[in-house]
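Good morning, everyone, and thank you for letting me take a few minutes of the meeting.

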Amino acid sequence: MDIFYFIVQQTMFFAIPLLIVALGGMFAERSGVVNIALEGIMVMGAFTSIFFIHFMQDKMSGQLLLILAVLVAGLTGGIFSLLHAFASINLKADQTISGTALNMFAPAFAIFTARMIQTVQQVQFTDTFFISKVPVLGSIPVIGPLLFRNCYITTYIGIGIAIAAEIVINHTRFGLRLRSCGEHPQAADSVGINVYKIRYAGVVISGVLAGIGGLVFVVPTSTNFNATVAGYGFLALAVLIFGQWRTKRIIFAAFFFGIMKTFASAYSGIPFLKGLPISNEVYKMIPYIATLVILTISSKSSQAPRAEGIPYDKGSR
Amino acid sequence: MKKKHNLLQSKGTSSFFSVIMAIVAGLLFGFVILLISNYKNAFPALITIIKGGFTNGTSGLGQVLYMATPIIMTGLSVGFAFKTGLFNIGASGQFTTGAFVAVYIGIKWTFLPSGIHWIVALLGAIIAGALWGMVPGILKALANVNEVITSIMMNYIGIYLVNMLIVKSIYDPLKNQTESVPKSAIIPRGGLEQLFDVKNMNIGIFIAIFAVILIYIVLSKTTFGYELKACGHSPSASQYAGINDKRNIILSMVIAGALAGLGGGLLYLSGSGKYMQVIDILAPEGFNGISVALLGMSNPIGILFAGLFIAHIKVGGNNIQLYNYSAEIIDIIIAVIIYCGAFSLLFKNLIHKLTRRNKLEKEEGR
């Protein structure tokens, strides 16, 4: 049973950042803007918020600091994503252009700034955020050790974001408008919806979530930030497509991938896997191969937003 | 006068102008960052960046050509797929598998005579890259799986598989990298090392230029290239016209993969002391290829110059470390340049408007 708890706890560390960022990507793509800049936005969000922790950790610590850092990360991501929104909505440029530019800019900027400020590119921080056991809730049998021990508050933020995302996109007026802009912007415009505004909102939401995702990825896995989020932005993009742009399926995809990643990275801690004569690298490949296989079987009918990636031009109605 | 108008209005010229404007904007932005971080050396540093490969005589130029070779190939790979309406974000994995097969053949197939050995190794790289590109192509054509996600997956599968195979076959455990490639598999220098005074130099750059020309001819002078571009513009229209779009998607990805794979071979058979490391990091050359393709506007000739330009200012970036700036400023500048490419539509419209206004005024004056 302990192994089972261990797997679930580990899965959270991998799945939650993927989930948050993929949900962010969903908001952008369902409004009609492809956001391949998720990776870069994650790096920027992680960079500013870890820097924030680095400077503030003498004055405060624990959950308050982490929550403030989450806000900083979200704010950075939101602002940074405006660049992508401007290029792909106002300038009607190919959306891979600004995405690629942002992905290239972010790590270079993080390294350059860190070196200029503190001469080394790694930004150190002390992890005062780990919760070994949530009071009261952690004592509940089964559920306690499963969800409320050895965790970070970011796990619950992630779950909260998932619930909020499902409600916003499927059960609010804004969500309906957002989806209509991604499916048929001309029709949306004809009934008085401001397509540009909605698409801006979609991209900025994706930026905020990707920024937070960057921080959420770094905090449990490391004690310094080295200008990289290890390709998680691209993986989140994959999770988004794997999840067919739908909240529930994205949640499933993120956790599927998280579990696979857990087996890959922690198989030596899982007795029945450790005994098998399979090399380390094969375990690392399994999550990606499994995703490929599942996609091949399930992807015949893609549910991508129809107007995804096509700049909306008012004149060409 | 009329001729000049035509020149200004032609697509190529306005693209060229917008690229130049973007480069100027990128350099200005870089200059501002240099000023902010340390204003004293900002100006000489900017000059060093612009001078780039021209700083250290011929050795600087040789360095540019050496650095440009792999990114021209990955740029060509990404650009070629773009032309067919596919986003090949998997150039990184194709590059890595190509590099591995080239190095493997280089180390293990020493029974080959020395004039042929390196050619076989490069052919191996092409085939490996092609296979790696073929998987997303087939999945896209037959199972309708988005090529972006499959390419990303293939990148990771590629890096882990290659790491595993290196450790099993051609591993140097002391340095955590591959063994060194014997001389017969190193790409011939062709006397360039004397001409450029760099020992890294070899005829790899000519192979890359040859690939550029080949792709240019395929895209603009053959029916096959026309079909590929038609699929990129409008899949349904080309289907209606009787073009086999499934076959073209697969072929396009195969060719894109082959180009990236060849890039990997060219880099690691250059005998420059660069070895394939056993680390879990995707090859950056693949992602740089996206930048090169965008800057070159997916045009093979444009990609050649974009690759050379990026290599040029990267060499400049290495040189500004003398002034205590970090070389990452170059990536910032390149990012801004690519971002400004998004303005190209705006530039084009502006140029179009200006030239039209001129014309109208003239006609009125007459």
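Gly78(A) is buried, because 22 other C-beta atoms lie within 10 Å, and the cut-off for calling a residue buried is 20 or more. You will find Gly78(A) in helix α3 of chain A, which covers residues 62-90. Leaving aside residues up to four places away in sequence, Gly78(A) touches Val204(A), Gly207(A), Val208(A) and Gly211(A). Val195(A), on the other hand, is 117 residues from Gly78(A) along the chain, and the C-alpha atoms of these two residues are separated by 19 Å.

Now to confidence in the prediction. For the model, ipTM is 0.91 and pTM is 0.91. Chain A has an average pLDDT of 90, with 99% of its residues scoring at least 70, while chain B has a mean pLDDT of 89, with 95% of its residues at 70 or more. Within chain A, the element with the highest mean pLDDT is helix α9, residues 195-221, at 96, and the one with the lowest is helix α12, residues 271-274, at 71. Within chain B, helix α5, residues 91-108, has the highest mean pLDDT, at 96, whereas helix α1, residues 2-9, has the lowest, at 50. Where pLDDT is low, the predicted coordinates should not be read in detail.

Next, please turn to the place where the two chains meet. Here 36 residues of chain A are in contact with 36 residues of chain B. On the chain A side, three helices each supply at least two residues, namely α4 (95-118), α10 (232-242) and α13 (280-298). The most comes from α4(A), which gives 13 residues to this side. Sorted by class, the side of chain A that touches chain B holds 22 nonpolar, 9 polar and 5 charged residues.

Let us stay with chain B and look at how two of its helices pack. The axes of α6 (residues 114-143) and α12 (residues 245-268) of chain B come within 6 Å of each other and cross at roughly 145 degrees, and the crossing of α6(B) with α12(B) is right-handed. The residues in this contact are 20 nonpolar, 8 polar and 2 charged.

Helix α10 of chain B, residues 223-233, contains the buried residues Glu227(B), Leu228(B) and Cys231(B). Why do the buried residues of α10(B) line one face of the helix? Looking down the axis of α10(B), we see that they fall within an arc of 100 degrees, so they line one face. Among the elements that cover these buried residues are α4 (57-83), α11 (235-240) and α12 of chain B.

I will finish with two loop residues of chain B. Asn176(B) sits in the loop between β1 (171-172) and β2 (177-178), and its phi is near 55 degrees, a positive value in a residue other than glycine. Asn176(B) counts as partly exposed because it has 13 C-beta neighbours inside 10 Å. Asn324(B), found in the loop between α14 (300-319) and α15 (329-341) of chain B, also has a positive phi, near 70 degrees. With 14 other C-beta atoms within 10 Å, Asn324(B) is partly exposed.

Key
Residues are numbered from 1 along each chain as its sequence is written. Chains are lettered from A and ligands numbered from 1 in the order in which they are written. This is a predicted model: local features need pLDDT of at least 70, side-chain atom pairs count only at pLDDT 80 or more; totals for chains, interfaces and linings use all residues. Axes are lines fitted to C-alpha atoms, for helices over the stretch in contact, and angles run from 0 to 180 degrees between N-to-C directions. Helices (H or I, at least four residues) and strands (E, at least two) are DSSP runs, numbered from the N terminus. A crossing is left-handed if the near helix is turned anticlockwise from the far one by less than a right angle, and right-handed if clockwise. Ala, Val, Leu, Ile, Met, Phe, Trp, Tyr, Cys and Pro count as nonpolar, Asp, Glu, Lys and Arg as charged, and the others, Gly among them, as polar. Two residues are in contact if their C-beta atoms, placed from the backbone, lie within 7 Å. pLDDT is the predictor's confidence in each residue, from 0 to 100. A residue is buried if 20 or more other C-beta atoms lie within 10 Å of its own, exposed if 12 or fewer, and partly exposed in between; C-beta atoms are placed from the backbone. The arc is that of the directions from the helix axis to the C-beta atoms.
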